[in-house]
Structures are given as structure tokens and as C-alpha cells.
Amino acid sequence: LFRSSLFEQFGSVPNLFTPNPNLKPETSRGWDAGVELTFLGGRAVLDATWFDNDFKDKIRGAFSGFTSTSINVQGVSTRQGLELSARVIPLPGLTIAASYTFLDAREPTGVQEIRRPRDSARFDVTYLFDRERARVGLHAVYNGQMKDEALRTGDFCFFGCFPLTQERVTLKDYWLVSVNAAYKLTPTLELFARGENILDQRYQEVYGFQTPGAAVYGGLRVTLQDTSLAKSP
């Protein structure tokens, strides 16, 4: 059960947003079923899961000329698909994992839901050594093509451009690759470094909003232990 927000029901932006006090809460019902197989004495695991969800009264924005509001989408939106994952430990300290998701997300009209990629995947490699005090990792995330809605403006501009109309666009697929390393100097002190989006991908999760490029971070992480519950000698 997903509730509508107070702003959607009662908030107002003069000449831009009109509230809808008659909004109904979103509801959903779903199920999933899967199977997990273990090999090599627990060092390899395969998993497959099928899921199916139905959504009613989904809340979305609606534009009409100069103003927008929130409405309940009539009918049932569906999301179903398959999740596959695998994990293997070929050598002590080395873990390799991969996963893939196929998602078929549809509006009641049958068109693809926005910002829901049909294909997504993840690949992770992690290696622990020096008695597990040191850790290095490589992580790659794939996000397939997605549909989104672009807000187009007309030729009349006065404190903004009107009228406003919605148009479907396609967001490109992308890979996000990151690396990280850490070393525990003491049980409570860890030196770390990580690089995010090291391929410097230019991508969008929401149409019109850019995302961070390549970045490198590093530092010293301190873990504060709670000694109040420690046993007295």
C-alpha cells in the first residue's frame, strides 16, 4: 500500500500545480517463486526467481495547458520478469558474482512504464587477503534502455513557457564501473579508496537531469565501538 502525499492532495502552486484531494492510495499485489542450487560444497550458488506484481490506482502527474495535477491511473499496471544470479568462490578470498534481471513493466494501456529498464545486470569481483584485513573490488552495473517523459514548452513565455505538453523519449543504456580498496590498520581504523564511474559515462536516470561523472574518493574510516555492553574481566 502506497499513500499519496499531502502536497499531491492539498498543496498548491498558483497557476502551476492544482491539488487533488480525491486521490486514492496506490495498492499492489504480487508473488514470486524461485529455485536455488548449490555446488562445489557451497562455493557456487545459482538462483532463478520469477516475479509478478499488479498495481492499482497508480499516482502520476498530468499536465493540461498551463497547469499540472496528480491523478490515479485507471486500470492495472503490471510488472513481471525473471531474476538470475550466480556466485562462486574459485579461490580462498576471491568471490565472483553476477546477476541479470528481465523486467516487463506495463501501463494499463499496454505501453512500457517509464524509468523501468527491460534489461539490467550487475557483475562483482571481490578479493580479500592478508588475513582479510585487505580488500579490493571491481563492480559493474548495466542499465538498459528506458522510456521517460519529456516536458515540452510552447512559444508563450511569461514567468515560464507555456503550454506544457508531455512527450515520450528513450534514455540510452549505460555501464557504471567502480573500483574500491580498503585496508584495516586496526580493528577500528580502516584506510579506503574508491573510484566511481571510472569510464566517465554520460547518462541520465531521469530525462533532463545529468548525473555525476568519474570521481575518486579516499579517506580514513573510524569505527566507534560501544564499550558499555562489554563484559568486565
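Student: Is L199 buried, partly exposed or exposed?
Tutor: L199 is partly exposed, because its relative accessible area is 49%. Buried means under 20% relative accessible area, exposed means over 50%, and partly exposed lies in between (1.4 Å probe, protein chains only). This is a predicted model, where local features need pLDDT of at least 70, side-chain atom pairs count only at pLDDT 80 or more, and totals for chains, interfaces and linings use all residues. Residues are numbered from 1 along each chain as its sequence is written, and side-chain values use heavy atoms, with hydrogens and water left out.

Student: Where does L199 sit?
Tutor: L199 is in the loop between β12 (189-196) and β13 (204-206). Strands are DSSP runs of E with at least two residues, helices are runs of H or I with at least four, and both are numbered from the N terminus.

Student: How far is L199 from A214 in space?
Tutor: The C-alpha atoms of L199 and A214 are 6.8 Å apart, with 15 residues of separation in sequence.

Student: Which nonpolar surface patch includes L199?
Tutor: L199 forms one with F123, L138, W175, V179 and I198, and together they have about 500 Å² of accessible area. Patch members have over 30% relative accessible area and no salt bridge (a Lys or Arg side-chain nitrogen within 4 Å of an Asp or Glu carboxyl oxygen). Nonpolar side chains (Val, Leu, Ile, Met, Phe, Trp, Tyr) are joined within 5 Å, like charges within 9 Å. Areas come from the Shrake-Rupley method with a 1.4 Å probe, and for residues only the protein chains shown count as cover.

Student: Why does V179 count as partly exposed?
Tutor: Because its relative accessibility is 32%. V179 lies in strand β11 (residues 174-186).

Student: And F123, what does that stand opposite?
Tutor: F123 stands opposite A140 in β8. Strands β7 (residues 119-129) and β8 (residues 134-143) pair in the antiparallel sense over ten bridges; pairing requires at least two DSSP bridges.

Student: What's in the turn there?
Tutor: β7 and β8 form a hairpin with four residues between them, and D130 in the turn has a positive phi of about 55°.

Student: What about the other neighbor, β6?
Tutor: β6 (residues 94-106) pairs with β7 in the antiparallel sense over nine bridges. F102 stands opposite D119 in β7.

Student: Switching to confidence, where is it lowest and highest?
Tutor: Lowest in strand β9 (residues 146-157), at a mean pLDDT of 72, and highest in β7, at 98. pLDDT is the predictor's confidence in each residue, from 0 to 100. The chain averages 88.
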